[in-house]
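Below are some notes for a colleague who is opening this structure for the first time. They start with the whole chain and then turn to single residues.

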Amino acid sequence: MPEGHTLHRLARLHQKRFGRVPVVVSSPQGRFTEGAAAVSGRVLRTADAWGKHLFHHYDGGAVVHVHLGLYGSFTEAPLGEDGAVPAPVGAVRMRMVGADHYTDLRGPTACEVIDDGAVDDVLARLGPDPLRSDADPELAWQRITKSRRTIGGLLMDQKVMAGVGNVYRSELLFRHQIDPYRPGTHIGDDEFEDMWTDLVALMKIGVRRGKIVVVRPEHDRGAPSYREGRPRTYVYRRAGEACRVCGTPVRTAELEARNVFWCPTCQS
């Protein structure tokens with residue numbers, strides 16, 4: 001599932017490609033036909049993100065809300081000669097055509113037209129987003145320090161902190177030498193402050209570079225990435241392999257229905 005940096009990167013790209021001009025919106029697949037008709041031809045005022053949610057705000061108050069879920073993705077390309085747009089390939093839920101680019105959305109969990117009140121309802125269910133300038137980490141800290149749930153589970157709870165997925169969760173806990181099974185009530189305020197500061201920095205790198213980069217230069221050697229073309233990780237998807245720092249085999253287990261990865265020595 002795409003993590004928060006991906007949605008913020010998309011919001012910036014869509015603002016650049018389609019913002020402040022009328023956008024032609026359609027639904028080649030047919031599952032978003034009414035929603036597309038409600039916004040097509042209107043000016044896209046702003047595109048922004050909160051956690052794993054993307055919002056396109058159009059003139060007149062209509063907002064297209066997208067949640068990519070596990071399988072959703074956008075692809076984009078320049079328009080062809082004379083503004084030509086190629087025929088859609090696959091099940092395109094939503095197509096946006098601007099002045100010189102188009103983008104296709106496939107496979108999202110949610111793609112719907114809502115109003116500002118419904119946007120507020122979505123945001124009310126989310127914790128602070130480390131990538132937003134208006135984020136209040138104190139809200140996340142209060143939810144963590146009062147909970148006996150594991151910190152590994154809490155970090156993935158979008159009501160606690162919006163935008164953190166499995167990669168950032170596992171890698172952040174490793175970088176701060178915290179056992180993913182430690183209860184939230186046993187996380188110190190200095191530990192949380194350090195994690196929040198680090199997470200903000202890491203996710204900003206993710207927005208800027210378009211990929212998750214978490215391994216410090218002094219550890220970025222030896223074993224390759226868990227998948228070709230992906231950046232190296234300390235523990236994520238490295239179960240059974242040697243820890244990049246101490247050499248102990250990395251462990252994995254299911255934690256609240258998702259696999260978590262950790263080093264039993266570094267994070268003891």
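Two residues are said here to be in contact, or to touch, when they have heavy atoms within 4.5 Å. The model is predicted.

1. Overall make-up. The chain holds seven helices and ten strands. Its radius of gyration is 20 Å, close to the 18 Å given by the globule rule for 268 residues, so the chain is as compact as a globular protein of that length. The C-alpha trace spans about 60 × 40 × 30 Å along its principal axes.

2. Inside and surface. Of the 268 residues in the chain, 49% are buried. The accessible surface comes to about 12600 Å², and carbon and sulfur atoms account for 49% of that area.

3. Contacts along the sequence. Among contacts in the chain with a separation of 6 or more, 59% are between residues 24 or more positions apart.

4. Charge. There are 36 positive and 33 negative side chains in the chain. The centres of these two sets lie 5 Å apart.

5. Helix α1. This helix covers residues 4-18. Its 15 residues, at 1.5 Å a residue, should span 21 Å, and the end C-alpha atoms are 21 Å apart, so the two values agree. Which residues of α1 are buried? They are Gly4, His5, Leu7, His8, Leu10, Ala11, His14 and Phe18.

6. Arg17. This residue also belongs to helix α1. Leaving out residues up to four places away in sequence, Arg17 touches Glu76, Asp100 and His101. Arg17 and Val97 are 80 residues apart in sequence, while their C-alpha atoms are 9.4 Å apart in space.

7. Gly19. The loop between α1 and β1 contains Gly19. Is Gly19 buried or exposed? Its relative accessible area is 15%, and the limit for a buried residue is under 20%, so Gly19 is buried. Apart from residues up to four places away in sequence, Gly19 touches His14 and Leu44. His14 is one of the buried residues of α1. A separate pair to look at is Gly19 and Cys263, which are 244 residues apart in sequence and 45 Å apart in space, C-alpha to C-alpha.

8. Arg20. Just after α1, Arg20 has a positive phi of about 70 degrees, and Arg20 is a residue other than glycine. Arg20 lies in the loop between α1 and β1, the strand at 24-26. With a relative accessibility of 64%, Arg20 counts as exposed.

9. Asp82. A positive phi in a residue other than glycine also occurs at Asp82, where the value is near 60 degrees. Where is Asp82 placed? Asp82 is in the loop between β5 (73-78) and β6 (92-97). Its relative accessible area is 85%, and therefore Asp82 is exposed.

10. Ser147. The loop between α4 (137-145) and α5 (151-156) holds Ser147. Ser147 has a relative accessible area of 13% and is therefore buried. Which residues does Ser147 touch, not counting those up to four places away in sequence? They are Leu154, Pro183, Gly184 and Thr185.

11. Asp189. Helix α7 runs over residues 189-209 and includes Asp189. The relative accessibility of Asp189 is 48%, so Asp189 counts as partly exposed. Asp189 is 44 residues from Thr145 in sequence, and the two are 8.3 Å apart in space, C-alpha to C-alpha.

12. Pro224. This residue lies in the loop between α7 and β9, the strand at 251-255. Pro224 counts as exposed because its relative accessibility is 57%, and the class begins over 50%. With neighbours within four places in sequence left aside, Pro224 is in contact with Arg232 and Arg244.

Note on methods
Residues are numbered from 1 along each chain as its sequence is written. Side-chain values use heavy atoms; hydrogens and water are left out. Helices (H or I, at least four residues) and strands (E, at least two) are DSSP runs, numbered from the N terminus. The radius of gyration is taken over C-alpha atoms; the globule rule is 2.2 Å times the number of residues to the power 0.38. Buried means under 20% relative accessible area, exposed over 50%, partly exposed in between (1.4 Å probe, protein chains only). Accessible areas come from the Shrake-Rupley method with a 1.4 Å probe; for residues, only the protein chains shown count as cover. Lys and Arg count as positive and Asp and Glu as negative; His and the chain ends are not counted. The place of a charge is taken as NZ of Lys, CZ of Arg, CG of Asp or CD of Glu. The expected span of a helix is 1.5 Å times one less than its number of residues.
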